[in-house]
Structures are given as C-alpha cells and as structure tokens.
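Have the sequence and the 3D view ready.

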Amino acid sequence: MAETVKPQLASHDHCTGCGACASGCPKGAVHMVRDKEGFLYPQITDGCVGCGHCAHVCPALKQREVPSAPAVFAVWNEDEAVRAHSTAGGVFTALAEFALECGGVVFGAALDEKLQVRHIVVKNKEDLRLLRGAKPIQSELGETYQQVQMYLEQRRFVLFCGTPCQVDGLYRFLGEHPENLLTCDFACSGVGSPGVWARFVESMAYIKRKQPVAVQFCGKLPGQRERRFQVRFDDGTTFDSPLSKSEFGRGFFGNLFLRPACHTCPYASVDRPGDLSLGAFYGLPKDAYPQEQRSGVSLLLVNTPHGAHVFDT
C-alpha cells in the first residue's frame, strides 16, 4: 500500500496560526500544537489521507486580490462610559449591539479565568464587556470557525471580530462570504506570544504574592490619551503603569515576542479581508472634537459593499 503523501502547508515564518487548516480537515488529522515560543502551528498526523484540503484553505498559500481603496472615517460611540472602557472610540461595541439587536451573536477575543486570550461567543449586551479593549496576544480560536458556521446555518446574524489573518482564515474555512456574516478586523501591530504572556502572568503572581484576576492592556485615565497597562489582583489592589513603560509594553513594542509571520505581514496595508477595519484614529486637529479626542476616537475603514450597507444602516 502506497504511503500517503502529506500536503505541504505554509512555512514556519509565514504561518499565521489562523487554524483554517485544522478546522477544515475532514478527517480531523491536523492539530494545532504549541511550539517552544508558545505559538500554535499545524501538525499533520497519521490520520491524513492526502486530500489536500488543508493546503487549499490556507490563506498564507493563496494570492490575494488587490481591492479598491476603502472609505475612511473618524468615528466614536456616543456613550461616554463605553468609550472609557474601550481602546479607542468604542465603535466595536456599537457594531456588536447592532448584531445582537438583529438576533445575532458576536465572536471576539476575551480573557479566560487564567487570563489567557481565547475567542468566545457573546449572545447578550451584558457580556460585551468581555470583548472590549485590545488584547495584543494571539487568541486561541479552538472550534470558533465551526461555531460560526453553525450559527450561519441557523440563519443567525454573526459578527466576527479578529486579526486580519483570522478573518481571512474564516472565509477560507467557509469557502464563501455569507450575507448574514459581518467581519471586522483591526489595525494589528502583530500578536504577542501566548507562552510569554502566560509566564508573565505567573511572574506577576510570584512577585506580588497575589493572583492577578483582570487586565487591561490599553486602559485609560480620565482626560489622558496615553494608554495604560492596568492589573487588578484578587485582594482588590491594582497595578497601573503607562503601557509603553511597563515590562510587557516594552517587550511588545520592541517586537521581542511577536509571531514570526507578523514581521512580514501581508495584511499591513489597505488590503483588508474584513468588511470593516477598526483602529485608533490619530491626526485629527487638536481643536476638532476635543472632548471626543480625550476619551478616544476610532478609525473605521469600510472595505466592502456589505460593510458599507451595515455602516449606512
């Protein structure tokens, strides 16, 4: 009997870890395994039958089409409390509330009980707080793509928010762009190692002799623009530092523990896979909307007709 020829997936330096290959394998023969740096990479097991589906859906192996230039807006949420707990202008919350009001669900990155970053599904407005705020650690998707597909098949409206490579991976997994799916990527400066972050959490617990239970990577103080690294511990005490001056921030902004593929990211342009793209808006004149700028303004790119339709709704 001839030996099965296993497909060739993206190289270590180009694999984004989106998980489309593992999620889409019809035999469940592709597993996402952590390397020594804590990043997930696909590993093809002996269950592989050589169908090649994993390579077919891999975004890193596909040539992307050059899109038309997106429409660009400076936007913000009218709710001051939402903006205070958002990285920028709180527009993600407005999009998520729209999805929930349509009877839909929202997928995004959240911190679990161990402060590790994972994608979860939210079905009510009260839980949207779990998805607010930037989390510059690569999130674990698990079975998120399959769950998105399940809700789409139930004809539920789905909002999926993630890194550009995760959004692209979702579309490759689905093999189509369903009308009841709205995708939102963000202006990503790379994803940090989950392994490094886990060790960092352990280090905080060891040094402080108490357990960290909540983290804001881009917290805000009233009237200040500088983003802050804020930690709450189980005894109610807190740690607060400018993000750029914190140990985590210095390592992250110094590109010390980014995923290798992030250094040559093909999405670092206006070539965005999401219907909408979010980020922090910089460059408004200081006298333009001064109150809004103090609490944050979002950059919104409208990339597709579907995104434009939702934005105009």
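Rings of Phe, Tyr and Trp (its six-membered ring) pair if their centres lie within 6.5 Å; planes under 30 degrees apart count as stacked, over 60 as edge-to-face and the rest as tilted. Ring pairs join W197, F200, F217, F229, F239, F248, F252, F253 and F257 into a cluster. This is a predicted model: local features need pLDDT of at least 70, side-chain atom pairs count only at pLDDT 80 or more, and totals for chains, interfaces and linings use all residues. Residues are numbered from 1 along each chain as its sequence is written, and side-chain values use heavy atoms, leaving out hydrogens and water.

**Aromatic pairs**

- The whole structure holds 18 aromatic pairs.
- One of them is F73 with F311, a tilted pair at 4.7 Å centre to centre, with 45 degrees between the planes.
- F73 lies in strand 3 (residues 71-75) and F311 in helix 10 (residues 305-312), so this pair ties together parts 238 residues apart in sequence. Helices (H or I, at least four residues) and strands (E, at least two) are DSSP runs, numbered from the N terminus.
- F200 and F229 pair edge-to-face: 6.1 Å centre to centre, 75 degrees between the planes.
- F200 sits in helix 7 (residues 194-208) and F229 in strand 9 (residues 228-233), 29 residues apart.

**Burial**

- Buried means under 20% relative accessible area, exposed over 50%, partly exposed in between (1.4 Å probe, protein chains only).
- F73 is partly exposed at 32%, and F311 is partly exposed at 31%.
- F200 is buried at 18%, and F229 is buried at 1%.

**Charges over rings**

- The charged end of R209 sits over the ring of Y206, 4.4 Å from its centre. This requires NZ of Lys or CZ of Arg within 6 Å of the ring centre and within 35 degrees of the ring normal.
- R259 lies over the face of Y41, 4.2 Å from the ring centre.
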